[in-house]
Amino acid sequence: MPDTPPFSLPDNPKLVQNLIHFARALRKAGLPLGPGRVLDAAKAVAAAGFTSREDFYWALHACFVSKPEQRAVFAQVFRLFWRDPRYLEQMMAAMLPAIRGVQEERSAKPAEKRAAEALLDGMQTPTEAPEAEEEEDGSEIEIDSTRTISAEERLRTLDFEQMSTAETAAAKRILAQLKLPVQPIQSRRLIAASRGEQADWRRTLRTAARQGGDLQDMARAKRRIRWPNLVVLCDISGSMSQYSRVILHFLHAAANAKGRGWAKVHGFTFGTRLTNISRHLAQRDVDAALAAAGAEAQDWEGGTRIGDCLHAFNRDWSRRVMGQGAVVLLITDGLDRGDADALGREMQRLQLSSRRLIWLNPLLRWDGFAPRAQGIRAMLPFADSFRAGHSIASLQELADAISCPQDQGDKARLMAML
Amino acid sequence: MQTKSIEQIAAIEQVQELLSQQGYICDRALATVVFLSLKLGRPLFLEGEAGTGKTEIAKALAAALGRRLIRLQCYEGLDAASAVYEWNFAAQMIAIRTAEAAGSADRKALQAELFSDDYLVERPLLQAMRPDEHGAPVLLIDELDRTDEPFEAFLLEALSDFQVTIPELGTIQAPEPPIVVLTSNRTREVHDALKRRCLYHWVDYPDFQRELDILHARAPQASEQLSREIVAFVQSLRTEDLFKKPGVAETIDWANCLLALDAIALSPAVIADTLGAILKYQDDIARLHGSEAKRILDQARAGLDTA
């Protein structure tokens, strides 16, 4: 910066030291902080003053937090750290087993569950500056970083530890053949092109100036193309169990084939609850990625609540991942016993927010398939394209199914049977 | 317009005071971040739901400090030609033709003339780098999430050094860094590299008292009773499971609608007629039809009575 205001670091070296420790604690808790931010924070504290706890909180907040989800973590760490640093060590120690991947089975005490929720679920936690509380209130909190248990759901983590050599070979082969599945979008950006339809005045004049003012050729430009984002919603309930594994392979392949058809790939799994696994899919190693995704989603091979999960997606994610016109791939058998009207509404909302909604249904591989289940009847009218996952067990079918951007699949035939 | 220099602001309360004079009521947290942004010369990155007053703060800040407000509205495909500068090609062509007709042969002079300030069309980012008699302007880069990654990368340079480079003219450096406010509705994640250079704040929906203060400031004609009912209703509406929750902007709009209809108090019928001012999705409006609106109104009134 040209003229940074003359704020020297605070005189109190203890404070700066503590800020460094605080930043380290935040880093451990998962906030990506570089040393530059600590410097900023020191300057910010010098500017805001060190008199009121609230100002101190918000000054640090402005420097250390850069995402809404981080606010709750920040609030917790702040509250614990600036009261007693030793307390934090205890908390970190409690978190360590989970970080190493050792997960103990034990029932969570109510307070533990609350604290874990406060740490993990930014949306429901009030993020006001914490007020000074009494000591005994906080002293019960221990971080339960293992999963919280819910009584009515059958939680099961699928074992994605190993992938057979045959599977790996097949995945690689298909990956090499993965075509550009949808038509690119005309972007508003221009790119130089000799036969473009628009005049590039800037380049024309610049060339002319180089040649001493002679206008010779007119430089042209055309509109650049860009690829849409892909959002995949994958059903991992019990009735889909045969397919979910291979679908995740496909997802991983698509997520790592950036620039070859997709700008960004967002992956979600749902059974009884919606889980965002996009971050895990970004890992290069397919085994590591699927292991992480398998551990994150907690409702493997349980029941299905399609309506609720679509609702959760529409409410929490659709505006964030579909802002730039995304193609949505919904992979489910549509066997849902919930409220059919609600399901239809959510499906319509999904279709309205997406560029194109493609529904892949593995049940369609049966010749005599008819849309009798009420869930399927509710969802079918809102799918832009309804494809069979004929042998969805192979990635090839999946890639082919979405490589025809205009077709409706079997939608028309099945709509006639409704 | 009375300019106020940043050095005159010594405390966070002053920021709050200055903004409230412009009819912008903010909480201490937001005031702290604004204060730090002014003091440290850092861009301010505001994220939050639509209609929570992110854009408004830049306007209030500009008015309070007596600075010029320069607004750059982002959209997909925004490029340097519309964000930084553009040459006035038509005028350049005419100049070339004139020079040819007049038969002047001095090519160097012609070139220097063609690429001078006279033919430069300044766009918001370049305007913000220019010296201003009232002090550095407030640069509002609005809805950054609407643009794409290449433009973000471009902003990185402009915002960290406060300079832009024009090949024909050289580098133009701001004599005094502008006060930069970036806003995002979070329709996509803005890259961390850009966020890192800014002070971040998530603008949340205000609580009851603050929203009431805002309504008093923005719709002063509304009676105390009506204002309280409006705010209570909107506040309890936000706890409902809606696709798009109403923002503060909607609250103010709605109050103005009710004033125009001469409503003295809320009733289910009035609410049904004016629901379009607060809810913008058909699904949400359909949800609130019939007894649902009455239930929320009763709930809001019950909350008011106990308070």
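Start by selecting helix H10 (residues 208-218) and helix H11 (residues 224-238) of chain B, whose axes come within 10 Å and cross at roughly 130 degrees; axes are lines fitted to C-alpha atoms over the stretch in contact, and angles run from 0 to 180 degrees between N-to-C directions. Helices (H or I, at least four residues) and strands (E, at least two) are DSSP runs, numbered from the N terminus. H10(B) and H11(B) are therefore oblique to each other, a word for angles that are not under 35 degrees (roughly parallel), over 145 (roughly antiparallel) or 65 to 115 (roughly perpendicular).

This is a predicted model, in which local features need pLDDT of at least 70 and side-chain atom pairs count only at pLDDT 80 or more, while totals for chains, interfaces and linings use all residues. Residues are numbered from 1 along each chain as its sequence is written, and chains are lettered from A in the order in which they are written.

Next, display the contact residues, among them Phe208(B), Leu212(B) and Leu215(B) of H10(B) and Ile230(B) and Val231(B) of H11(B), where contact requires C-beta atoms, placed from the backbone, within 7 Å.

Then move to the interface, where 38 residues of chain A are in contact with 43 residues of chain B. On the side of chain A that touches chain B, the elements giving two or more residues include helix H2 (35-48), helix H3 (53-64) and strand E1 (185-192), and H3(A) gives the most, with six residues.

Finally, select the whole of chain A, which has 18 helices and nine strands.

Terms used:
Contact = placed C-beta atoms within 7 Å.
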